[in-house]
Structures are given as structure tokens and as C-alpha cells.
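Hello,

The structure we spoke about is below, followed by notes on what was found in it. Please read the notes with the model open.

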Amino acid sequence: MASRGNPLTWLAVTTACVFAGLAAADGITVKTHAHFEVKMLGVRMHREDAERTEHWQGNRLVSFHSVTDKGDGPKEVNGEARGNGFVITSPLGTFTAPASVHPANPWSASFLHSNTMMRPDSGKIEQVRIGGGQETAVKIDGATIPAVKYDIDGATKYTVWLDPHGVPVMFWVDDDTGKVTFTLAKCIGCNAEVSQLEKR
């Protein structure tokens, strides 16, 4: 189980988070389905559900759609490539990000090529700095896996470990609510088809 904030407060966390990348002649479509539920002594303290779809042409995001519900009603974010930019419409308004924008979703190593990140739940843009590239190893379900560690610094901090094939096998998200760790639980046709991440 992962914890957010005080471990004495967040006693139970159940999560399902699936990233599915489907290759097609006209690019790649990535679908994300997420369900988070936090309980304390059997009482639900937090819930979040999200559905997201990304369309990519090479390393460029050409369209994005998400609906996120954190218990206060669904919030929708849409985006599409236009010229040399990416236009985002969200509850925060409509604005244009650089064409290289990448959602905060390390489903592949392509995030290494962008210093602008979009929060998928709000559409907020963050400037980030990517550092690291340190060779290391991670332990997942008792197995030691060689990996390269990258740090993504911005308003929210991320740490991502990629295996020798460029598949994210673990990542941390550290924001004002605490640190959450995701580890790869299942990978079918890694680098091409489906990766499933579980919160630990």
C-alpha cells in the first residue's frame, strides 16, 4: 500500500490504474483508466475516477480528452494540436501550450523530450526540468530489475525508473498531499501494447 500524507490518517488505499497504448497506421492512442479510493477504518475519505485518451503522431501529442471526478462532479479537459502549439480547454480556461507538451503520464520514455507538462485532471501547464539518467536497479515483487532513474522537477515532483527497453517500471509522484508510488504489475507486449501500474 502507498500512503498520502500522514500514514496514521491514510489507512487504506485501493487503486487500479491502466495505461493502454494501441499502435495504428496513423499513430498511437493511449487510454488511461484510473480509480483511487482511500479509506480510514472502513470510511471512504477520498475517491477519484478518471478516463483519459491521448492521440500521438510520433513524439507529438495531437489530441487529448479527459474526465476526472474527485467526488465533486466531473471535470473535463480537452486539447488539440494547432500549428506550432497545443490548445487546451479546461475548467481553468483556454490557453496554448508548446507543441512539445506532454501529459503527466510516464507511459513511455517520450516524456524525456519535453520540458512542459500538462496536468491531466486540470489542464494546468507546468514547466519542468528533467535530470538524472542514473543507472540503478529497482526491486519489484522480489525481482531486481536494472533501470535508469530520472527526476522531473516542477510544481509537482516526479521520479521515474525506466527498464533497459524504455518501459517505466516504477514512478513516484510527490505533491502537496504526499508521495505516491506506482510499480509495474503487469506488462503485455511491453513497449507496444499494455502496461498496468499498481499503487503500492
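Which residue in strand 9 stands opposite Pro103? Met118 does. Before going further: this is a predicted model, in which local features need pLDDT of at least 70 and side-chain atom pairs count only at pLDDT 80 or more, while totals for chains, interfaces and linings use all residues. Residues are numbered from 1 along each chain as its sequence is written, and side-chain values use heavy atoms, with hydrogens and water left out.

Overall content

The protein chain has 16 strands and zero helices; both are DSSP runs numbered from the N terminus, with helices being H or I of at least four residues and strands E of at least two. Of its 200 residues, 40% count as buried (buried is under 20% relative accessible area, exposed over 50%, partly exposed in between, with a 1.4 Å probe and protein chains only). Contact means heavy atoms within 4.5 Å. Among contacts in the protein chain between residues at least 6 apart in sequence, 33% join residues at least 24 apart.

The sheet around Pro103

Strand 8 and strand 9 (residues 116–118) run parallel and are joined by two bridges.

Cores

A nonpolar core here is a set of buried Ala, Val, Leu, Ile, Met, Phe, Trp, Tyr and Cys residues joined through side-chain atoms within 4.5 Å. The largest one has 16 residues, and Met117, Ile152, Tyr158 and Val160 have the most contacts inside it. At least two of its residues come from each of strand 2 (27–40), strand 12 (143–153), strand 13 (157–162), strand 14 (168–175) and strand 15 (178–188). Strand 13 gives the most, with three residues. Apart from this core lies another, of ten residues, including Val30, Val77, Phe86 and Ala97.

Beyond its neighbours within four places in sequence, Tyr158 is in contact with Ala104, Met117, Arg119, Tyr150, Asp151, Ile152, Trp172 and Val173.

Aromatic pairs

The structure holds three aromatic pairs (rings of Phe, Tyr and Trp, the last by its six-membered ring, with centres within 6.5 Å; planes under 30 degrees apart are stacked, over 60 edge-to-face, the rest tilted). Phe111 and Tyr150 form an edge-to-face pair, at 6.5 Å centre to centre and 85° between the planes. Phe111 is in the loop between strand 8 and strand 9, and Tyr150 is in strand 12, 39 residues apart. Both Phe111 and Tyr150 are buried.

Phe171 and Phe182 form a stacked pair, at 4.8 Å centre to centre and 15° between the planes. Phe171 is in strand 14 and Phe182 in strand 15, eleven residues apart. Phe171 counts as buried because its relative accessibility is 5%, and Phe182 is buried with a relative accessible area of 6%.

Thr53

Thr53 is found in strand 3 (residues 43–57). Is Thr53 buried or exposed? Its relative accessibility is 19%, so Thr53 counts as buried. Leaving aside neighbours within four places in sequence, Thr53 is in contact with Thr29, Val30, Lys31, Ser63, Phe64 and His65.

Regards

How values were computed
Two strands pair if DSSP finds at least two bridges between them.
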